[in-house]
Amino acid sequence: MVTQTITASYTSEFVADVRAGLTHPSQKELPSKYLYDDVGSALFEVISALPEYGLTRADERLLRRHSQDIVARLPSPVVVAELGSGSGKKTRWILEALGNRQQTYYCPIEISPTALAMCQRELGDIEAISIVGFEREYLDGLLEVAARREDGEHLLVLFLGSTIGNFDRPADAKFLREVRRILRPGDSLLLGTDLEKPVPQLLDAYDDPLGVTAAFNLNLLARINRELHADFILQQFEHVARFNEESGSMEMHLRSRCEQTVTIPRANLSVTFLPDETIWTESSHKYSRHELLQLAMAAGFRCEAQWMDDEWPFAENLLIAA
Ligand code: AVJ
């Protein structure tokens, strides 16, 4: 077992994104990737354990049940690159199945150093797997992994947990095309996607009665306070989850309860909020099966197989670069 990490630093990009998002002329917004600092990542782990939020468990069930079948459909040898490994828990099944075939490199690509360390601890015991962690944005990391592969090695890219749903449409299609461009024909992408389901079920999942998702969302303001020395008063904002019928996506917003002005010294910025004005912090798209096949094809993949969960509509899609 080998474990190493390639690191980076993001403060200036965070400042630029906060500035751009909060000075946006119409809808204020903050990129959802910033929800995942240490506190946010820990809160997301709790969300995944909530009865109302079935997404992560569905993803895990599918990977556990079908790992043999998935791996049997892959060429050999493969190098595994995972975009946003999180804790790494659900990746174990695929890695064990691959490790049973042969010694395999696993390259988690993750912007959170804590999540990266956790995933290395979680999966470090699998005998035939060597872990090389990349503290990078997804595409930068994937480019590096692709550049290091040797002739004859195929790539398996894992993009699990329906993170793809956090992109806008058509940014999801563009992202898949960019992934495809880094791959060679015959490489594969295992894509986890949350599927359409009744709106009341979604509202419960994104506004749980315990308030964990509210804390997860509000932590973004707390993070700006911690890292950029801002003076957001968290009690003056409230978590809102709504379903956008037009885009087919769940949205999270933070709604200002009153008129207020917030200063963010490290971003050299002061922002005024009107009563009920919101900051849009996340979209989480819910796919139809048809839409998925379209998306995959348009990006230059063919769908080798699809596995669905019967408790919580979710699909694991094995896409092969055409
Ligand atoms: C981790 C991106 C899949 O969109 O459902 C959970 C994040 N947001 N509750 C999602 C999230 C609110 C989650 N993903």
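How far does a polar side-chain atom of Ser284 lie from an oxygen atom of the ligand? The distance is 2.6 Å. The model is predicted, and the legends below describe close-up views of it.

**View 1. Polar side-chain atoms at the ligand oxygens.** In Tyr206, a polar side-chain atom is 2.4 Å from an oxygen atom of the ligand. For Tyr53, the distance from an N or O atom of the side chain to a ligand oxygen is 2.6 Å. Ser284 also places a polar side-chain atom 2.6 Å from a ligand oxygen. On its own the ligand has 350 Å² of accessible area, and the protein covers 97% of this.

**View 2. Helix α3, residues 55-72.** The 18 residues of α3 should span 26 Å at 1.5 Å a residue, and the 25 Å between its end C-alpha atoms agrees with this. A bend of about 70° is found at His66. Buried positions in α3 are Leu55, Thr56, Ala58, Asp59, Arg61, Leu62, Leu63, Ser67, Ile70 and Val71.

**View 3. Helix α7, residues 171-182.** Asp172, Ala173, Phe175, Leu176, Val179, Arg180 and Ile182 are the buried residues of α7. In an α-helix there are 3.6 residues a turn, so residues three or four places apart point the same way.

**View 4. Two cis peptide bonds.** Ser76 and Pro77 are joined by a cis peptide bond with omega of about -5°. Pro77 sits in the loop that runs between α3 and β3 (78-83). A cis bond also leads from Arg169 to Pro170, where omega is near 10°. Pro170 belongs to the loop between β6 (154-159) and α7.

View 5. Most residues other than glycine have a negative phi. Ser162, which is not a glycine, has a positive phi of about 60°. The loop between β6 and α7 contains Ser162, which counts as buried because its relative accessibility is 3%, under the 20% limit. Asp276, also not a glycine, has a positive phi of about 70°. The loop between β11 (269-273) and β12 contains Asp276; with a relative accessibility of 54%, over the 50% limit, Asp276 counts as exposed.

**View 6. Asp194 and its contact with Lys197.** Asp194 is part of strand β7 (residues 188-194). Its relative accessibility is 0%, so Asp194 counts as buried. The side chains of Asp194 and Lys197 are joined by a polar contact of 2.8 Å.

**View 7. Glu127 in a loop.** Glu127 lies in the loop between α5 (113-123) and β5 (129-134). A relative accessible area of 68% makes Glu127 exposed. Thr104 is 23 residues away from Glu127 along the chain, and the C-alpha atoms of the two residues are separated by 9.7 Å.

Methods:
Residues are numbered from 1 along each chain as its sequence is written. This is a predicted model: local features need pLDDT of at least 70, side-chain atom pairs count only at pLDDT 80 or more; totals for chains, interfaces and linings use all residues. Side-chain values use heavy atoms; hydrogens and water are left out. A polar contact is a pair of N or O atoms within 3.5 Å; within protein, one must be able to donate a hydrogen and the other to accept it, and residues adjacent in sequence count only if both atoms are side-chain atoms. Accessible areas come from the Shrake-Rupley method with a 1.4 Å probe; for residues, only the protein chains shown count as cover. Helices (H or I, at least four residues) and strands (E, at least two) are DSSP runs, numbered from the N terminus. The expected span of a helix is 1.5 Å times one less than its number of residues. The bend at a residue is the angle between axes fitted to the seven residues ending there and the seven starting there. Buried means under 20% relative accessible area, exposed over 50%, partly exposed in between (1.4 Å probe, protein chains only).
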